[in-house]
Each structure stands twice: as C-alpha cells, then as structure tokens.
Amino acid sequence: MNLPVAPDTLDVAPDAQDVSPAAPLSAQPGPAHPAPLTLALDGPVLHVRLNPSTTQDDVLSAAVLDALIAVLDGLHEQPDIRILVLSSLGEDFCLGADRREYQDALVADPTGAALRRIADKAQRVCQALENTHAVTIARLHGKVIGAGLALAAYCDLRAGADTCRFRMPELGLGLAPAWGGAMGRLITEAGAARIRELMLTCDEFDASTAHRLGLLHKVAPLDQLDTAVTAWTRPLARRSPQALVLTKRMLTGYAKAARTTDTALLDAHLLAAQLTQPR
C-alpha cells in the first residue's frame, strides 16, 4: 500500500507499511524544520500525528497545513484506508494558528496576499477533513486552542482526555474567528447559543463542558484515551467499506445542508483585511 507522503519529508512510525513518494511538502526536515507529521498505518487505520518542533509551540504552521493537505488529498487514491486518527506528539494537541508566521508574512508582503495564501491552506485542510471518505477521529489532550479546536471540530468523532482545556481566544487577541471556515462547523456541532458565548467571552472550558456541548463525544483519563479511540476504530474497521463511505457522505451532506450560508471561502480575506489595517 502506498501512503500519500514523501519519506524524506515525513517521519513514519516503525509500524507503518510500504511508504512511497508522492506530493512534496513545503518544509524540509532538519534541526530547524523537523517533519511536521508522523504517520503509522495499522490495517485500514491511518494514524496522523502532529509533530511540533522542540523550538516552536504546538501550532498549525503553513508546513503543517501543507503536510495535512498532502495526506488528505492522497487518500482519494487510498480507498482501503477507512479510518484516520488525528493526534499530536506535543505536550498539547494544538495551541492554534501560527501568529508569528502571520506577522512574518505581513512583513514580507504588506498587501496581505502571502497571508491569504496561508489562511487558504486552513480552509483546504478543513474541507478535506470533512469531505474525505475516511471516518476521521480526533484524539485530544492538553490544550486545544483556537484553530486547534477548529481542526478537531472538522473530525467526525472526537475523544479527549479529562484534563483537556479548550478556548477560542481570537476576539481577545483582536481578531475575528476566521480560520478554516470553522464558525459554521462549530455552530452546527455545538449550537449557536453556546458557541456565541464562548467566542464572545473567550472563556476557557474543560472536557466535561466540551462533552456536554457535543464538541467531545468521549472523555477518558489520559492513560485510557487510546483505549477509548480503539473502541471506535475496531468496530469501524469491521463495517462494510461501501456502507461506511456512504454513511459518511450522507452525514456530511446533511451537516452541510444545515449550514445554509457557508462563508468559509471568505475567511482568508477577512483575516488578511483585518491584520493589514493599521493598529
């Protein structure tokens, strides 16, 4: 089986099977740029792990987004991969978008065009997660902040450690919550009233609250989190592949139908327009 990644740009776990070249990624590994993802294949289950640098926070940089796009796009040619588990090797699942990268992009190109290209990658990742044939599972631990929560929300199923902490801090940072078109997805998943409150107040909330809202389907102690995820992947792997894909497509279609106005494609322009304004 061929995985949609290049071996010289992604670390692959020892149990991964038959990895071969495909789409190139933007960041080359090395001391300053470690591989942004690690992959491991276990039968029909692909484990995708964010792999933050020791010198950089657990954030969603352009290199990470490029790597996720390469993997998700490659799944179109891998129908035998039926389940994707997204997790992180870092201390936290994800602390959000890489705001330092945004600042650097604005310095390099004050028109905001470079920033829009980065932000458009986020929208492509989220749409790919939503549209892929594979059932996607987010395995969450530590802090799940901003764009990290948006990324997780686009997964079909979400399990989190009972020590998880969540926050949507954008408004407190002087930004609109414009990343990946996630506002519509979050409202569909958790309801407009509560998402409105959490976005406006920027309040931190815990795993039990996330569970009540529907942002988590399962909560487990950290040392039992993998067991909780396996309790999903094992029966899913036994389902009829055709029925599984059809059910995923139907659920995605109905969820999109509930979002009668989807402004996801505008997020990159909204973010760039706001950041290029004088402060």
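Q: How much space lies in the largest cavity?
A: The largest cavity holds about 70 Å³ of space. A cavity is a set of points on a 1 Å grid over the protein atoms alone where a 1.4 Å probe fits but cannot get out, and lining residues have an atom within 4 Å of a point. Grid points are joined across faces, edges and corners, and the volume is the space filled by probe spheres set on the points.

Q: And what kind of model is this?
A: It is a predicted model, in which local features need pLDDT of at least 70 and side-chain atom pairs count only at pLDDT 80 or more, whereas totals for chains, interfaces and linings use all residues. Residues are numbered from 1 along each chain as its sequence is written, and side-chain values use heavy atoms, with hydrogens and water left out.

Q: Which residues line the largest cavity?
A: Its lining consists of Gly146, Ala150, Met168, Glu170, Pro177, Trp179, Ala182, Met183, Leu186 and Met199. Eight of these residues are nonpolar, one is polar and one is charged. Here Ala, Val, Leu, Ile, Met, Phe, Trp, Tyr, Cys and Pro count as nonpolar, Asp, Glu, Lys and Arg as charged, and the others, Gly among them, as polar.

Q: Which helix gives the most to that lining?
A: Helix H5 (residues 182-190) does, with three residues. Helices (H or I, at least four residues) and strands (E, at least two) are DSSP runs, numbered from the N terminus.

Q: How many cavities are there of 30 Å³ or more?
A: The count is two. The second largest cavity holds about 50 Å³ of space.

Q: What lines the second largest cavity?
A: Val48, Leu68, Val71, Leu72, Leu84, Leu86, Val125, Leu129 and Leu151 do. That lining has nine nonpolar residues, with no polar and no charged ones. Helix H1 (62-74), strand E6 (83-88) and helix H3 (113-131) each supply at least two residues, and H1 gives the most, with three.

Q: Staying with H1, is Asp66 buried or exposed?
A: Asp66, which is found in helix H1, is buried, with a relative accessible area of 14%. Buried means under 20% relative accessible area, exposed over 50% and partly exposed in between (1.4 Å probe, protein chains only). The side chain of Asp66 makes a polar contact of 2.9 Å with that of Lys121. Such a contact is a pair of N or O atoms within 3.5 Å; within protein, one must be able to donate a hydrogen and the other to accept it, and residues adjacent in sequence count only if both atoms are side-chain atoms.

Q: What about Ala63?
A: Ala63 also lies in helix H1 and is buried, with a relative accessible area of 17%. Its C-alpha atom is separated by 9.5 Å from that of Leu37, a residue 26 residues away along the chain.

Q: Turning to E6, how many of its residues are buried?
A: Six of the six residues of E6 are buried, so the strand is largely enclosed by the rest of the structure. Ile83, Val85 and Ser87 point one way, while Leu84, Leu86 and Ser88 point the other way.

Q: Which strands does it join?
A: Strand E5 (residues 45-50) is joined to E6 by six bridges, and the two run parallel. Val45 stands opposite Ile83 in this pairing. Strand E7 (residues 135-140) also runs parallel to E6, with four bridges between them, and Val85 has Ile137 as its bridge partner in E7. Two strands pair if DSSP finds at least two bridges between them.

Q: How many aromatic pairs are there?
A: There is one aromatic pair. The ring centres of Phe166 and Phe205 are 5.4 Å apart and the planes stand at 15 degrees, so the pair is stacked. Rings of Phe, Tyr and Trp (its six-membered ring) pair if their centres lie within 6.5 Å; planes under 30 degrees apart count as stacked, over 60 as edge-to-face and the rest as tilted. Phe166 lies in strand E10 (residues 165-167) and Phe205 in strand E11 (residues 205-206), so the pair ties together parts that are 39 residues apart in sequence. Both Phe166 and Phe205 are buried.

Q: In what order do the strands of that open sheet stand?
A: The three strands follow the order E8-E10-E11, with mixed pairing. E10 and E11 pair in the antiparallel sense over two bridges, and Arg165 stands opposite Asp206 in E11.

Note on methods
1 Å grid on protein atoms, 1.4 Å probe; cavity = no way out; pocket = protein on both sides within 12 Å on 5 of 7 lines; lining within 4 Å.
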